[in-house]
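Please look through the structure below before reading on. The briefing that follows goes from the overall fold to single helices, charged pairs and selected residues.

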Amino acid sequence: GFLLLSSFDKILGLVPALVISKFHIWQFVTYMFMHGSFQHLFFNMLMLWMFGSQVEQLWGRKTFLQYYFFTGIGAGIVHTLTSFGSDVPMIGASGAVYGIVLAFATLFPNRTLLLAFFIPLKAKFLVPLFILVEILSSFRYDGIAHFAHLGGLLFGWLFMRGGKKYIDAIQLRWKKRKLKNNPFKVV
């Protein structure tokens with residue numbers, strides 16, 4: 001990701017009003033690469049490294065990237081639906097990172113983590129804790145897109161419940177269509 005530049009926030013950040021009224025659908029991807037501060041970028045990348053490296057090692061790069069973008073785009077969709085008409089840009093990879101945390105907790109449920117550097121907690125309890133904190137936090141305005149975080153978790157759950165099969169089927173169908181419409185024979 002890169003730091004938020006004010007001239008780009010309404011172009012590359014996710015602005016629900018623009019997605020709906022002007023069909024700026026690229027924002028469902030670009031917002032994940034924008035961050036409001038070095039601290040925002042640092043903590044997202046730290047979480048991505050801590051949890052994502054082990055998930056990627058198990059799943060492989062292709063499935064990991066599919067999952068990452070699926071959860072990030074899903075977080076953007078949930079944010080757009082819950083902030084319908086808002087002209088405030090949403091930025092950051094947190095929705096996708098929450099999805100990665102869900103994958104880690106599902107794949108390694110009994111792995112012990114240190115919450116706040118000294119409280120031992122099994123990974124399987126991290127996601128319910130995140131859900132509780134996000135739901136409670138959503139009742140106050142603090143400039144954080146809490147429903148995007150919950151959306152990343154929701155879309156991560158959907159992917160792990162069978163979404164990978166559908167993504168592979170769509171990609172296979174696309175490859176077959178591309179080969180069928182190719183005027184050149186491959187020998």
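Helices in this briefing are DSSP runs of H or I with at least four residues, and they are numbered from the N terminus. By that naming, H146 is found in helix α8, which covers residues 146–180. The model is a predicted one, and every value quoted for the protein chain is computed from that model.

**Overall fold**

- The protein chain contains 8 helices and 4 strands, and their order along the sequence is β-α-α-α-β-α-α-α-β-β-α-α.
- The protein chain has 187 residues, of which 39% count as buried.
- Among the contacts in the protein chain with a separation of 6 or more, 70% are accounted for by residues 24 or more positions apart.
- The protein chain exposes about 11600 Å², and carbon and sulfur atoms supply 70% of that area.

**Helix α4**

- Helix α4 runs over residues 38–59, and its 22 residues should span 32 Å at 1.5 Å a residue; the C-alpha atoms at its ends are 29 Å apart, which agrees.
- Within α4 there is a kink of about 40°, and this kink is centred on G52.
- The buried residues of α4 include G52 itself, together with L41, N44, L48, F51 and V55.
- An α-helix has 3.6 residues a turn, so residues three or four places apart point the same way.
- Just after α4, the residue G60 takes a positive phi of about 95°.

**Salt bridges**

- Side chains of opposite charge can pair when their charged atoms come close.
- The structure holds 3 salt bridges, and one of them joins the side chains of D87 and K10 at 3.9 Å, N to O.
- Because D87 lies in the loop between α5 (61–82) and α6 (94–107), while K10 belongs to helix α1 (residues 9–12), this pair ties together parts that are 77 residues apart in sequence.
- Both ends of that pair count as partly exposed, with D87 at 46% relative accessibility and K10 at 38% relative accessibility.
- E56 forms a salt bridge with R61, in which the closest N and O atoms are 3.3 Å apart.
- E56 is partly exposed, with a relative accessible area of 24%, whereas R61 is exposed, with a relative accessible area of 59%.
- D142 and R140 also meet through their side chains in a salt bridge, at 2.7 Å from N to O, and D142 counts as partly exposed at 29% relative accessibility.

- I131, L132, I135, L136 and F139 make a nonpolar surface patch of about 510 Å².
- L136 counts as exposed because its relative accessibility is 53%, and the cut-off for exposed is over 50%.

- Not counting residues up to four places away in sequence, H146 touches E134, S137 and S138.
- G156 also lies in helix α8, and G156 is buried, with a relative accessible area of 0%.
- With residues up to four places away in sequence again left out, G156 touches Y67, T71 and L102.
- The C-alpha atoms of G156 and I100 are separated by 7.5 Å, although these two residues are 56 residues apart along the chain.

**R111 and its surroundings**

- R111 lies in the loop between α6 and β3 (112–115), where R111 is partly exposed, with a relative accessible area of 33%.
- Leaving aside neighbours within four places in sequence, R111 is in contact with Q54, F104, L121, K122 and A123.
- The C-alpha atoms of R111 and K124 are separated by 8.1 Å, and the two residues are 13 residues apart along the chain.

Terms used. Residues numbered from 1 in each chain as written. Predicted model: local features only at pLDDT ≥ 70, side-chain atom pairs only at ≥ 80, totals over all residues. Heavy atoms only, no water. Helix = DSSP H or I, 4+ residues; strand = E, 2+ residues; numbered from the N terminus. Expected span 1.5 Å × (residues − 1). Bend = angle between axes of the 7 residues up to and from the residue. Buried < 20%, exposed > 50% of the residue type's maximum accessible area, 1.4 Å probe, protein only. Contact = heavy atoms within 4.5 Å. Areas by Shrake-Rupley, 256 points an atom, 1.4 Å probe, with all protein chains shown as cover. Patch = residues over 30% accessible without salt bridge, like charges linked within 9 Å, V, L, I, M, F, W, Y side chains within 5 Å. Salt bridge = Lys/Arg side-chain N within 4 Å of Asp/Glu carboxyl O.
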